[in-house]
Amino acid sequence: MANPSPGPSAEPSAPIVSLCDVVKDYPLGKLTVRAIRGVDLDIQAGEFTVIAGPSGSGKTTLLNMIGCIDTATSGTVLVGGQDTAKLSDRKLTQLRLDTLGFIFQSFNLVNVLDAFQNVQFPLLLQGTYSAAERKDMVEGLLQRVGLGDQIHKRPNELSGGQRQRVAIARALVTTPRIVLADEPTANLDSKTGNDIVDLMRELNRDEGTTFIFSTHDQNVIDRADRIVRIVDGLIADDTAQQRVQDAGA
Amino acid sequence: MNSLATLRVLVEMAIRDLGAHWVKSLIVGSLLAFGTFLVVTGGALLDSISTSMEESITSSLAGHLQVYSADAEDSLELFGGTGMGSADLGEIDEWGPVRDTILGIEHVEHAVPMGITQAVVFGRSEIDRVLEALGEAVDEGDVGRQQALLGHVRTIAATLREEVESRSITSSDPERAAEDLAAIEEVMSADFDARLAEDPGEALIFLDTRIAPLAQDGQLYYLRCIGTDLDEFSEVFDRFRIVDGQMIPEGRRGLLLSKRFYEIWGKMTIARNLDAFEDRIEEGKRIAGDATFENLVKANAAQYQRILFQLEPGEVGPLMTTLKGVMGTAAPDSEAPEEILEAFLLVDDDTFAARYAAFYEHIAPLITIYELPVGGVITLRGFTKSGYMRALNVRIWGTYEFSGLEKSDLAGASNLVDLVTFRDLYGKMSAAQQAELEDIRVEAGIADVSRDDAEAALFGEGGLFGSQERTVEEPEEEELVEEEELDEAVSLSLIDDRVYSKAEMVEGMVLNAAVILDDPVHMPAVTAEIESLAESEGLGLQVVDWQTAAGIVGQLTYVLRGVLLVAIFVIFLVTLVIINNTMVMATMDRTTEIGTMRAIGAQRRFVIVLFLLETVILGLISGAIGGGLAIAFVGWLGHVGVPAVQDILVLLFAGPRLYPTLSLGNLLTGVVVVTAISLLSTLYPSVLAARVPPVVAMRGKE
Ligand SMILES: Nc1ncnc2c1ncn2[C@@H]1O[C@H](COP(=O)(O)OP(=O)(O)O)[C@@H](O)[C@H]1O
Ligand SMILES: [Mg+2]
């Protein structure tokens with residue numbers, strides 16, 4: 001990545017995601033709905049963070065802004081040290097491609113491509129690796145998520161859990177610094193959901209990838225490092241904050 | 001996304017998307033295939049028509065270029081000129097020097113002089129012929145035949161009565177109309193039988209002078225005549241061939257009728273109708289069940305009198321026996337020739353073939369089939385430029401046609417005459433006539449005589465060629481003929497049988513000339529050369545290409561091409577709109593997929609290319625199918641031929657059928673058009689797709 005972002009090693013305390021007084025309004029007819037009402041949030045590299053809250057509390061809105069697919073109405077959003085409000089659509093797209101990975105609630109695989117091609121897709125967009133390298137990377141990752149024998153299946157030939165594994169592999173194949181997941185287990189049964197969270201934890205531990213995901217599933221919340229509770233567009237509770245407070249007390 | 005692998009995935013995605021949305025692909029694909037088929041087939045047909053039309057026009061009358069006077073008021077129209085000889089083409093006063101100049105130019109092979117003019121021939125009216133027959137019957141003292149013919153006269157008089165009655169209402173001369181009606185009543189009354197028996201001569205004169213003039217004139221034939229150097233003409237235009245009779249012998253004057261004209265206009269009504277029936281039946285039409293056709297047959301049969309009155313008394317009996325034999329059990333019981341003939345002519349699908357043959361075998365030899373017979377002499381009447389009528393007797397040597405164009409009225413519209421005859425009809429004075437005029441001028445002491453005055457002096461009252469009325473009987477020669485002698489005289493002696501030298505024939509005034517090149521590619525160069533020489537030598541010429549010279553027909557390929565272009569444009573637009581709408585809807589359906597791709601790092605460009613690629617691939621596949629179908633279709637047409645169902649098509653197709661061929665250019669045009677449609681129609685949807693915000697991925701439902 002060309003952008004000179006302050007890496008965690010250079011300045012250990014610099015957060016990889018930093019939100020400062022972020023407000024997000026949605027127009028709704030003649031009214032506006034304030035979905036996020038002034039949020040300050042720093043996330044450090046390597047953290048495994050859950051954004052928890054009831055439906056409609058603003059989790060997805062928050063993730064959209066962190067994921068550079070939507071912009072804040074006011075306040076600043078820094079991703080990898082860059083102010084996302086100041087980047088062009090091209091630059092933002094490039095940032096998403098290189099720095100971010102996405103896991104969606106509905107998996108969002110490209111239906112006409114098989115598992116291998118779906119995972120390979122971001123690598124092709126990057127255009128930096130040879131075919132052989134790509135093959136190794138993609139097959140290695142599919143193996144890692146437990147789909148070594150389903151490489152050439154199309155999404156409609158896979159179960160929900162298997163699809164979300166493909167989506168995880170796709171999110172991770174470019175070794176992004178941040179992976180965003182919006183309620184990744186909402187469309188899965190609890191057993192499969194747990195397996196998926198286990199897998200993400202494992203990858204977080206092994207690769208040091210930063211995970212930020214939203215959920216209202218208590219099973220999932222219980223396994224996070226850090227829990228940010230959000231209610232009506234405001235942070236109601238942040239375990240990292242508590243830790244600081246605990247440490248201070 | 002610069003790597004080949006990306007492109008491969010794009011292509012793969014595009015193809016799979018096409019398969020995944022197969023209904024949409026089928027609709028769009030069919031449209032594109034149809035469009036390609038149309039563009040390729042239409043192009044191939046048009047190109048073939050252009051080629052065949054060029055061939056038929058250049059090889060029949062036009063040559064590659066036509067020259068005519070720069071002073072022309074109107075433009076040259078070799079085919080389908082509408083004005084009855086009224087077009088003013090100016091004149092080329094001396095053909096000799098012009099010809100020598102043109103023939104001196106490189107790539108020019110021939111120059112054929114021409115002159116277009118109109119002439120009129122009066123055919124005899126039916127009553128004239130009936131009265132002639134009645135005269136014969138009186139001479140022979142054949143009372144039975146006299147009775148029959150008088151009956152026919154009364155039939156005609158009955159129709160005349162209606163005409164005169166309706167005319168009398170509007171007439172400015174009611175007294176005259178009353179007199180005419182009285183004359184008709186006289187003939188209709190039973191007393192007239194006695195009058196004919198007592199004093200046949202007086203009765204005949206009465207009929208000749210009081211009844212015959214009431215009838216409309218006999219058939220009036222308008223002949224479009226092209227005067228030309230016939231030896232040169234027949235050599236240069238290799239489609240030209242003599243059908244009946246013979247070529248006009250070298251140095252002799254005369255007329256070659258167009259075979260088409262001869263068959264259609266020169267033929268006796270019943271025979272012409274039967275010919276038309278034959279054509280219709282050959283086309284696969286049936287009489288039974290076709291009300292129009294049935295009526296035509298009935299109307300034709302009702303005209304049996306036209307045959308009957310031409311028959312000699314001795315011929316009637318044997319002919320009726322023969323016809324009854326042909327009809328077999330269908331023959332009527334009656335012995336009356338009227339009933340037998342009418343029944344004979346009342347053909348149906350089963351009897352037509354036999355009776356058609358029998359008509360030509362048994363009836364035709366006994367009657368006059370052609371009004372303007374080959375070998376005979378007719379009086380052509382031309383109108384000079386200042387409105388004087390000129391009449392001259394001309395021998396019909398034969399009929400001609402352009403092979404392949406036999407069925408074309410346009411190609412067959414012109415009759416051919418020698419140049420001397422043309423000049424006489426056109427009214428241009430010869431050197432001798434000019435000398436005559438000089439004498440008149442000197443005698444009258446007129447200082448200067450304009451062309452119109454000169455013609456008035458020459459052809460007008462008391463002039464060299466007699467009065468306007470008298471010209472009708474006045475042959476071109478200066479012999480004076482007594483009225484009674486005239487009928488025979490016309491067919492015998494009053495005809496210019498001199499043998500002219502080539503120079504006398506060809507040199508002098510012409511109106512235009514066909515220029516034939518060794519290769520049509522030199523047309524522009526030769527045109528420029530003639531124009532510059534005409535300028536420098538003061539020849540006063542203008543040059544047009546065959547397409548312009550042919551008149552409206554020549555422009556027809558432009559028209560057809562225009563129609564095809566408009567059709568393609570309309571289909572293009574419709575296809576564009578349909579594909580556009582379909583793709584916009586497809587984009588709506590695929591927003592989640594697009595948003596996801598955008599969210600995980602695909603640039604807008606990628607989405608645009610993906611969408612464009614989809615339709616271009618579809619376009620190429622459909623184009624290949626459409627093009628393939630077009631190849632097969634044109635190939636099939638090229639094998640069986642496209643029938644020239646309309647007269648003008650015979651000329652365009654250079655024959656009764658067009659055998660189209662397909663060129664690589666036609667296919668390439670198809671490919672270009674289909675690709676352009678694909679790209680244009682997807683431009684908007686793909687931009688729309690690229691505008692799908694990545695955030696929709698988060699809202700996505702599977
Ligand atoms: N595109 C939108 N337009 C209008 N209102 C929206 C839109 N997206 C979300 N909202 C509103 O913003 C609030 C937060 O929504 P969201 O972030 O989706 O909550 P969560 O993901 O926690 O369920 C809700 O009240 C929702 O109705
Ligand atoms: Mg949500």
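A salt bridge here is a side-chain nitrogen of Lys or Arg within 4 Å of a carboxyl oxygen of Asp or Glu. The model is predicted, and it holds 40 salt bridges over all chains. This briefing covers a few of the pairs and one network.

**Within chain A**
- A:D83 and A:K86 form a salt bridge, because their closest N and O atoms lie 3.4 Å apart, inside the 4 Å limit.
- A:D83 has a relative accessibility of 17% and counts as buried, since the cut-off for that class is under 20%.

**Between chains A and B**
- B:R598 and A:D89 join their side chains in a salt bridge, with an N to O distance of 2.9 Å.
- This pair crosses between chains: B:R598 sits in helix α26 of chain B (residues 591-599), and A:D89 sits in helix α2 of chain A (residues 89-99).
- B:R598 counts as buried, with 0% relative accessibility.
- A:D89 is partly exposed, its relative accessible area being 27%.

**Within chain B**
- B:R195 and B:E202 form a salt bridge in which the closest N and O atoms are 2.8 Å apart.
- B:E202 has a relative accessible area of 33% and is therefore partly exposed, as this value falls between the 20% and 50% cut-offs.
- A network of salt bridges links B:D17, B:K24, B:R590, B:E593 and B:E614.

How values were computed:
Residues are numbered from 1 along each chain as its sequence is written. Chains are lettered from A and ligands numbered from 1 in the order in which they are written. This is a predicted model: local features need pLDDT of at least 70, side-chain atom pairs count only at pLDDT 80 or more; totals for chains, interfaces and linings use all residues. Side-chain values use heavy atoms; hydrogens and water are left out. Buried means under 20% relative accessible area, exposed over 50%, partly exposed in between (1.4 Å probe, protein chains only). Helices (H or I, at least four residues) and strands (E, at least two) are DSSP runs, numbered from the N terminus.
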